[in-house]
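User: I have a structure open that I have not looked at before. Can we go through it step by step?
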Amino acid sequence: MTRPPAGPPPHRTLDGPDGAPPLVLGPSLGTELSVWDPQLAALAQQFRVVRWDLPGHGGTPSVATTTVPALARGVLALADGLGIDRFSYAGISLGGAVGAWLAAHHPERIASLVLICSSARFGDPEAWHERAALVRTSGLGPVADTAAGRWFTPDFAASPPATALLATLRQRIAPAGYAACCDALAGYDLRGDLARITAPTLVVAGRTDPATPPPHARELVDGIPGAGLLELPGAAHLAGVERPAAVLAALLGHLAAPPDAPAAVPVPVPYRPEGTAP
Ligand SMILES: O=C(O)CCC(=O)CC(=O)O
């Protein structure tokens, strides 16, 4: 396989105190770095938060095609440019795959890892090739028409945060960049390298996520030494949008653990609908 060039580092934003422990946040296919908005303010109280955009998403230019290793090399170039050697990383789905690849191939760079609604292999590669071809010929309309059912539970799909993200997918994401990211998903298979990950790892799953369902999370947990699992009820693929407080608690609980703790400890987060009193 030809190796796509890493290209320039992706567009990023910086929040939180200069000098605080660095935390890099990766987004999912079809979302911009603002998908982390629900957790940003709290995370930025404790961390120097670096959020980055996928190609053709947010402020990062499109590329013709890409791979997870190429995206990961872009994140390393971004960290290098900021003078960040070792950092914690949390990523959603494709953004999580980038973090897992980094943790497996550059373990010295990753202090701690959180994989949200992600996978070691995102199903049948042919389905991603077909989606890439569809988007290259027809744009994002057909994908956006069905995204609500993958991203959110039925009760949440008409909420303002959900409709805002769906509008972003339909109106702001570049089809070329989205298709390139589908190529990356098609080519990704980290199953044979999971045991190389040494960073304390927490895997978070949405119980009704049809895109990366809980068995994908369990495969990550079974393969990554000492990884912990948190399965969230009331959440589909964009669990951090639908269950923002639960995902924030999981992030803070895991990332606050000593960097060289031998095992990740899942954070017990009792289920209650967001916005209701504890
Ligand atoms: O939007 C979808 O259909 C889910 C895509 C997926 O599983 C990869 C990602 O969200 O990064």
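User: Which residues surround the ligand?

Analyst: This is a predicted model. In it, the ligand is surrounded by Ser 28, Leu 29, Ser 93, Leu 94, Trp 128, Arg 131, Arg 150, Trp 151, Leu 185, Ala 211 and His 237.

User: How do the residues of that shell divide into nonpolar, polar and charged?

Analyst: Six are nonpolar, three are polar and two are charged.

User: What lies 2.7 Å from an oxygen atom of the ligand?

Analyst: A polar side-chain atom of His 237 does. For Ser 93, an N or O atom in the side chain is 3.0 Å from a ligand oxygen. Leu 29 has a polar backbone atom 2.8 Å from an oxygen atom of the ligand.

User: How much of the ligand does the protein bury?

Analyst: The ligand exposes 320 Å² when taken alone, and the protein buries 99% of that.

User: Which pocket does the ligand sit in?

Analyst: The second largest pocket.

User: New topic. How many aromatic pairs does the structure hold?

Analyst: Three. One of them is formed by Phe 122 and Tyr 188. This pair is tilted, with 5.8 Å centre to centre and 45° between the planes.

User: Where in the chain are Phe 122 and Tyr 188?

Analyst: Phe 122 is in the loop between β5 (110-116) and α4, while Tyr 188 is in the loop between α7 (175-186) and β6 (201-206). They are 66 residues apart, and the pair links distant parts of the chain.

How values were computed: Residues numbered from 1 in each chain as written. Predicted model: local features only at pLDDT ≥ 70, side-chain atom pairs only at ≥ 80, totals over all residues. Heavy atoms only, no water. Near = heavy atom within 4 Å. Polar contact = N/O pair within 3.5 Å; in protein donor to acceptor, adjacent residues only side chain to side chain. Areas by Shrake-Rupley, 256 points an atom, 1.4 Å probe, with all protein chains shown as cover. 1 Å grid on protein atoms, 1.4 Å probe; cavity = no way out; pocket = protein on both sides within 12 Å on 5 of 7 lines; lining within 4 Å. Sits in = over half its atoms within 2 Å of the grid points. Nonpolar A, V, L, I, M, F, W, Y, C, P; charged D, E, K, R; others polar. Phe/Tyr/Trp six-rings, centres within 6.5 Å; stacked < 30°, edge-to-face > 60°. Helix = DSSP H or I, 4+ residues; strand = E, 2+ residues; numbered from the N terminus.
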